[in-house]
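Me: Could you go through this structure with me, piece by piece? I'd like to ask things as they come up.

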Amino acid sequence: MSFLWPLMLWSLLLLPLLVLLYLWLLGRRKKVALPYSQLALVREAAGKGLGWRRHMPPALLLLAIAALLVATARPTAIIALPMAEQTIILAMDVSGSMRATDVEPNRLVAMQEAGKAFLDQLPRNVRVGVISFAGSAAVVQPPTFSREDVRAAIDRFQLQRATAIGSGLILSLATLFPDDGIDLSQITGQRPMPPPLGAPPPQTREFTPVEPGSYASGAIILLTDGQRTTGPDPIEAAMMAAQRGVRVYTVGIGTREGDVIAFEGWTMRVRLDEDTLKQIAQITRAEYFYAGTAEDLRKVYEGLSTRMVMERRETEISSLFAAVGALLTLLAAGLSLLWFNRVM
């Protein structure tokens, strides 16, 4: 535990003074009571059986004051809390290789079903966006709190030619950071919409690289077999994510042996490119998960939901100490009324 205002801890030196004041008041009370010897029997009867109870309310009040003084120093602690305003981008492969049946019933359907199951694991305060990519990338669903809209977007997937993993990653970053000025026209082939006639150009914030993995308000989950055939280099796209502190969790869909698919009169073997996916995860300080079957993929998603929505962060706990102080004060007053029919 640390403190934002540690100098306020010097106020705890008041506690010994309060103890001395309490002892002085007790001594003074005894001196005042001595001349009245005729009341000795009354005093003995009144004090009989009190013992430690006489000192319990003042002791609780002293502890309450100590807790309140610590609260003024604004203590902080590292605790696990749900991430506030978190956005998760699901970057999902819809290339032709996802028709392979090495994952039953096929890679695409397994990915869709697991993606929808993942939504059920997330708290309602987490926004989810969906990016699909094949030869190019597209925002299928902007980040939203509506799970129904996300499920509908996942169900709309249609297989397309080629695989541009880098385009999917870059568009995911542009969705997380719409004000960073990421030029999608040059790196994904998508032309930006021109501003309305007479409108000022959009303002972009200055980009400063940060520590990889340090962005706590969002993350990307990349689901693909890892076989890039076109588009920007996915490793360079991963470096862009790392410079923004975004973790890219990669999920390899398919088997290491691969499968042979047929399309429009030609056949090809599609294998899982684990090396690329592991490198993407390593660059962004995230993790790679192998999902060789539909059941494995579901378990990966369940594990990701736990990792993604909880974060250990330094949090101020002054209110906790203040609450303890208030409760101890109420307890001290209640015991004093119960035992002595007065407050202290």
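Me: Leaving out residues up to four places away in sequence, what does threonine 76 touch?
Reply: In this predicted model, threonine 76 touches Met1, Ser2, Phe3 and Leu4, and also Glu314, Thr315, Glu316 and Ile317, when residues up to four places away in sequence are not counted.

Me: And where is threonine 76 found?
Reply: Threonine 76 is found in strand S2, which covers residues 75-82.

Me: Is threonine 76 buried or exposed?
Reply: Threonine 76 is buried, because its relative accessible area is 4%, and the limit for calling a residue buried is under 20%.

Me: Let's zoom out. How many helices and strands are there in the protein?
Reply: The protein has 11 helices and 11 strands. It has 344 residues, of which 42% count as buried, and among contacts between residues at least 6 apart in sequence, 80% join residues at least 24 apart.

Me: What is the order of the strands in the open sheet of six?
Reply: The order is S5-S4-S3-S6-S7-S10, and the pairing in this open sheet is mixed. The edge strands are S5, residues 137-144, and S10, residues 288-291, each of which pairs on one side only. Neighbouring strands of the sheet are turned by 15° against each other on average, if direction is ignored.

Me: Which helices pack on that sheet?
Reply: Helix H4, residues 107-121, packs on the sheet and touches strands S3 (87-93), S4, S6 (218-224) and S7 (247-253), with a direction that makes about 170° with that of S3. Helix H9, residues 274-283, packs on the sheet as well, touching S6, S7 and S10, and its direction makes about 160° with that of S7.

Me: Back to S4: in what sense does S4 pair with S5?
Reply: Strand S4, residues 127-133, pairs with S5 in the antiparallel sense over five bridges, and within this pair valine 128 stands opposite threonine 144 of S5.

Me: How many bridges join S3 to S4?
Reply: Seven bridges join S3 to S4, and these two strands run parallel. One example of a bridge partner is isoleucine 131 in S4, which is the partner of alanine 91.

Me: How many residues of S4 are buried?
Reply: Six of the seven residues of S4 are buried, so that the strand is mostly covered.

Me: OK, helix pairs now. How do the axes of H4 and H5 cross?
Reply: The axes of H4 and H5, the latter being residues 147-155, come within 10 Å and cross at roughly 175°. An angle over 145 degrees counts as roughly antiparallel, and H4 and H5 are therefore roughly antiparallel to each other.

Me: Which residues make the contact?
Reply: On H4 they are Gln112, Gly115, Lys116, Leu119 and Asp120, while on H5 they are Arg147, Val150, Arg151, Ile154 and Asp155. By class, the residues of this contact divide into three nonpolar, two polar and five charged.

Me: And what about H6 and H8, how do their axes cross?
Reply: The axes of H6 (residues 165-176) and H8 (residues 234-243) come within 8 Å and cross at roughly 15°. Angles under 35 degrees count as roughly parallel, and H6 and H8 are therefore roughly parallel to each other. H6 passes H8 in a left-handed crossing.

Me: Which residues are in the contact of H6 with H8?
Reply: Ile165, Gly166, Leu169, Ile170 and Leu173 of H6 meet Pro234, Ala237, Ala238, Met240 and Ala241 of H8. This contact has nine nonpolar residues, one polar and no charged ones.

Me: Last one: where does aspartate 273 lie?
Reply: Aspartate 273 lies in the loop between strand S9, residues 266-270, and H9. Aspartate 273 counts as partly exposed because its relative accessibility is 26%, and that class runs between 20% and 50%. Leaving aside neighbours within four places in sequence, aspartate 273 is in contact with Asp225, Gly226 and Gln227. Aspartate 273 and threonine 255 are 18 residues apart in sequence and 9.6 Å apart in space, C-alpha to C-alpha.

Conventions:
Residues are numbered from 1 along each chain as its sequence is written. This is a predicted model: local features need pLDDT of at least 70, side-chain atom pairs count only at pLDDT 80 or more; totals for chains, interfaces and linings use all residues. Side-chain values use heavy atoms; hydrogens and water are left out. Two strands pair if DSSP finds at least two bridges between them. Helices (H or I, at least four residues) and strands (E, at least two) are DSSP runs, numbered from the N terminus. Axes are lines fitted to C-alpha atoms, for helices over the stretch in contact, and angles run from 0 to 180 degrees between N-to-C directions. Contact means heavy atoms within 4.5 Å. Angles under 35 degrees count as roughly parallel, over 145 as roughly antiparallel, 65 to 115 as roughly perpendicular and the rest as oblique. Ala, Val, Leu, Ile, Met, Phe, Trp, Tyr, Cys and Pro count as nonpolar, Asp, Glu, Lys and Arg as charged, and the others, Gly among them, as polar. A crossing is left-handed if the near helix is turned anticlockwise from the far one by less than a right angle, and right-handed if clockwise. Buried means under 20% relative accessible area, exposed over 50%, partly exposed in between (1.4 Å probe, protein chains only).
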